[in-house]
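Here is a briefing on the model shown below. It covers salt bridges, sheets and helices, then aromatic contacts.

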Amino acid sequence: MKHVNTFFAAGILLALTVLCAGCSSSKTQEIPTETEAPEWTKSAVLYEVNLRQYTQSGTINEFSEHLGTLKDMGINTLWFMPIHPISVTNRSGKLGSYYSVSDYRDVNPEFGTKEDFKALVDKAHDVGFHVMLDWVANHTGWDNAWITEHPDWYTHKDGSIISPEGMGWPDVADLNYDNADMRKEMIECMKYWVTEYDVDGFRCDYAAGVPEDFWREARIELDKVKDIYMLEEDLGGQATANLEYGFDSNYAAKVYETLLAVAKDGKTADKLKLYLPATDNNTFPMYYLDNHDINSWDRTIDEAFSEDVLPSMYSLIFTLPGIPMIYSGDEIAYNKNIAFMEKDTIDWNRTGRDYRGLIKELSLIKASHPALYSDNTDGFEIIKLENKNVFAFKRVAEGDELICIFNMSKREQDNIDLSGMITGKEEVIFSGKTDDYNVGGELPTGTYSFLPWEFYIIAAK
């Protein structure tokens, strides 16, 4: 168990000290109270790169050859699963977990060299991507040098370093956030990748396991180097305090779970309103239909969302307030659980399906409409309809107004009264009907019947 109270009290004391020190000067140093995501996140479309499995070699250099394909698909932000060397001691599986880090300042030799990664980041920046690293702050691998050089940096029980309790992760050792020296070095390691490699942000693994005041301290220090984007993995809503200062986004896990249930006819779409953002700061969610954990351990995107359902689900996560994320293979609805700790190259010809064109169109729509910007949570309004299966909402910003309507059901929904939201002067900019989706389409007006999974993105004039 992490002992947060000591450092929370220390943080308060430090804040008071800083304030008192400033009392004698003409300017009082302010303690930051909230973050603000970089400007580029407004139209960000995030792609989680499973580097090991993306290409036959699993190397940085071979992946680099595919940047053009991702760019053409509308992706503009790359999140790399951890690129660091993986511990051998107590390793799980043949190749081990990405999340068992043996050296925070190095690159896994199976992937390439630090020079290879620097060249990749530079190339990605040149063609218009932003680059994020997956950061594992809660624990390290068992042959990380910190184990022998700084055993006091770890959590002990009965005189021995332990794995995180109750998590089932025997291949990693739990870090002790009561240790100020460890906290300082962890931040220095994060700064290393921003300073030396110019990365643009971090997705932080199991952020709820690390004290909130650490993330606050880290964000303050990292923002001194450059304006970064911080995404926390917080599946159970255990660490919402991290969004007060430290992180810009967290996982919209409850939205994913609801969409999964809706796709399986287990819930009605109106339940989504319980989990959509209603924040009064600068944060916004990250939406997904898949990720590395879900794919490897639970279900594939194809198992979760069938072929008739997937276009509407993609269109929904691109139009809700927040950032949409695509996992490696989602663009072909990859129907195989990708091995987590073994080599298991994605077969890009396996499914015969291709959603790259859909993702590209949705990315272009998001980028060209301020109403759909990620941080526009204030300009979001759910439109009430007398039907629990048809989900409609309005997005408004800077004179831009969109109306989005989705039949989130496998059944036709008859006699939906649209007269209160559609005047007939609007324009359909994207729509989906049966297994077809396209730019434009006929405007639904009056009393309308929606086919299963039919959807519309409509611009008001």
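Arginine 203 and aspartate 134 are both buried. Their side chains meet in a salt bridge, at 2.8 Å from N to O. The model is predicted. The structure holds 26 salt bridges and 36 aromatic pairs.

**Salt bridges**

- Side chains of opposite charge can pair when their charged atoms come close.
- The pair of arginine 203 and aspartate 134 links distant parts of the chain, 69 residues apart. Arginine 203 belongs to strand β8 (residues 201-205). Aspartate 134 belongs to strand β3 (residues 130-136).
- A network of salt bridges links Asp134, Arg203, Asp205 and Glu233.
- Aspartate 265 forms a salt bridge with arginine 411. Their closest N and O atoms are 2.9 Å apart.
- This pair also links distant parts of the chain, 146 residues apart. Aspartate 265 sits in the loop between α9 (253-263) and β11 (286-288). Arginine 411 sits in the loop between β15 and β16 (413-417).
- Arginine 353 and aspartate 302 meet through their side chains in a salt bridge, with 2.5 Å from N to O.
- Arginine 353 lies in the loop between β12 (323-327) and α13, and aspartate 302 lies in helix α11 (residues 301-304), so the pair ties together parts that are 51 residues apart in sequence.
- Arginine 353 has 15% relative accessibility and counts as buried. Aspartate 302 has 24% and counts as partly exposed.

- β17 (residues 427-433) pairs with β18 in the antiparallel sense, over four bridges. Phenylalanine 430 has valine 439, in β18, as its bridge partner.

**Eight-stranded sheet**

- Another open sheet has eight strands, in the order β10-β9-β8-β3-β2-β1-β12-β11. The pairing is parallel.
- Which strands are at the edges? They are β10 (249-250) and β11, and each pairs on one side only.
- β11 and β12 run parallel and are joined by three bridges. Methionine 286 has isoleucine 323, in β12, as its bridge partner.
- Helix α5 (residues 114-126) packs on this sheet and touches β2 (77-80) and β3. The direction of α5 makes about 140° with that of β3.
- The buried bridge of arginine 203 and aspartate 134 connects β8 with β3. These two strands are neighbours in the sheet order.

**Aromatic contacts**

- How many aromatic pairs does the structure hold? There are 36.
- Tryptophan 146 and tryptophan 153 form an edge-to-face pair. Their centres are 5.0 Å apart, with 80° between the planes.
- Tryptophan 146 counts as buried at 9%. Tryptophan 153 counts as buried at 6%.
- One aromatic cluster is formed by Tyr47, Tyr54, Phe63, Phe80, Phe117, Tyr192, Trp193, Tyr197 and Trp348.

**Charges over rings**

- Arginine 52 lies over the face of tyrosine 98. The distance from the ring centre is 4.8 Å.
- Arginine 350 places its charged end over the ring of tyrosine 334. Here the distance from the centre is 6.0 Å.

Definitions and conventions
Residues are numbered from 1 along each chain as its sequence is written. This is a predicted model: local features need pLDDT of at least 70, side-chain atom pairs count only at pLDDT 80 or more; totals for chains, interfaces and linings use all residues. Side-chain values use heavy atoms; hydrogens and water are left out. Two strands pair if DSSP finds at least two bridges between them. Rings of Phe, Tyr and Trp (its six-membered ring) pair if their centres lie within 6.5 Å; planes under 30 degrees apart count as stacked, over 60 as edge-to-face and the rest as tilted. Buried means under 20% relative accessible area, exposed over 50%, partly exposed in between (1.4 Å probe, protein chains only). A charge sits over a ring if NZ of Lys or CZ of Arg is within 6 Å of the ring centre and within 35 degrees of the ring normal. A salt bridge is a side-chain nitrogen of Lys or Arg within 4 Å of a carboxyl oxygen of Asp or Glu. Contact means heavy atoms within 4.5 Å. Axes are lines fitted to C-alpha atoms, for helices over the stretch in contact, and angles run from 0 to 180 degrees between N-to-C directions.
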